[in-house]
Amino acid sequence: MARSRHGSASAEYPYGHEQDPYGDPHAGDQLAGYGHDDYDEPPRLRRRRRRWPMILGIVVVVLLVITVGGYFYLDSRLKREAVLKDYSGRPSDTPGTNWLVVGSDSRAGLTKSDQKKLATGYAAGKRTDSMMLLHYGDGGTSLISLPRDSYVPIPGHGTHKLNSAFNYGPSTLVQTVEQATGVRIDHYAEIGFGGFVGVVDAIGGVKICVKSKMKDHKAGLDLQPGCQNLSGSQALGYVRTRATARADLDRIEHQRQFFSALMKKSTSPGVMLNPFRSIPLAMNATSNFLVDDNDHLYDLVRMMWAMKGVSGGDGVTGSVPVGGFGNRPGDGSVVLWDKAKASKLFDALKNDQPVPKDAVTN
């Protein structure tokens, strides 16, 4: 019989195939794939699917390392000092948490050009421009301003304005506040002019509602009435100015208003989830805050959330009740507390109870 050039009998395989054209077309597949479904995935796809859990695990580990490493790096940037010291007669520990938040007029880190631009002046050293007592616990959250001209005893230095205690160091200021209020301070935070401006600019400014036109050359301030976004330099002028009807009392109200707006903006999704805002905020805040030796980054975060609660109306804001004003040799004009109302205020804070509305001054 004649054979084709493929070695097959042309009569037996008319279609030129080396197999029976009428046989089972899947016979070869069945033999090769015995024990597997006809629709099994190709081996390469199966390998890829087995590999994705390992890839996901690697990504999670990398993110965890970056997060933990970032936390410890930022925590290490905080400036620390032994501020909260024990002494004879110090108030005992009380329920809830108490912060002393201080804004100083330190020009550290500012060039001459910066000082001129921000209208800070060129004074050396540092003094307190704002002092606030933040309390949070089961009794609620309270943000209480301590007027800098409050006339109080300064341990070892007689009776003078509260801000003069800062001249002897932050630990003396803390002791003065504790002795005057009976409230034990658990945490301390201080920020100067440069850090103040940097933090505000890092989050793109803060929204402040200005009641009336404000112009103060000494503070570099020129604002029209209405709600507006203030830059770092404008916000600094806003919390520093005394060119208003109530002078220092308006000033401390502005300071509480500003800090509440700052914490609200800082903890908003638009900042927290935006790396172009959150990273500069974290870098500026951690490099410019002075805290106690035992304070850490997570303590500052708790403070921010507590202030955010106050800004949302979940708490009490105000000032120590003022009973009047006076004039003292060597101190000039001073603020005198209303002792009865101030006692109600501090008793509520010491016992972690809601602050009576008549125990604070707006």
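Colleague: How many bridges join strand β3 to strand β4, and do they run parallel or antiparallel?

Modeller: First, a caution: this is a predicted model. Now the general idea. Strands of a sheet pair through backbone hydrogen bonds, either parallel or antiparallel. Here, β3 (residues 128-137) and β4 (residues 140-145) are joined by 6 bridges and run antiparallel.

Colleague: Which residue in β4 is the bridge partner of Leu133?

Modeller: Ile144.

Colleague: What is the strand order of the open sheet?

Modeller: The order is β1-β12-β7-β2-β3-β4-β13. That makes 7 strands, with mixed pairing. The edges are β1 (79-81) and β13 (316-319), each of which pairs on one side only. On average, neighbouring strands are turned by 20° against each other, direction ignored.

Colleague: Which helix packs on the sheet, touching β3, β4 and β13?

Modeller: Helix α7, residues 248-266. Its direction makes about 55° with that of β3.

Colleague: How many helices and strands does the protein chain have?

Modeller: The chain has 11 helices and 15 strands.

Colleague: What share of the residues is buried?

Modeller: Buried means under 20% relative accessible area. By that cut-off, 43% of the 362 residues in the protein chain are buried.

Colleague: What percentage of the contacts with a separation of 6 or more comes from residues 24 or more positions apart?

Modeller: In this protein chain, such pairs account for 65% of those contacts.

Methods:
Residues numbered from 1 in each chain as written. Predicted model: local features only at pLDDT ≥ 70, side-chain atom pairs only at ≥ 80, totals over all residues. Heavy atoms only, no water. Pairing = 2+ DSSP bridges. Helix = DSSP H or I, 4+ residues; strand = E, 2+ residues; numbered from the N terminus. Axes fitted to C-alpha atoms, helices over the stretch in contact; angles between N-to-C directions. Contact = heavy atoms within 4.5 Å. Buried < 20%, exposed > 50% of the residue type's maximum accessible area, 1.4 Å probe, protein only.
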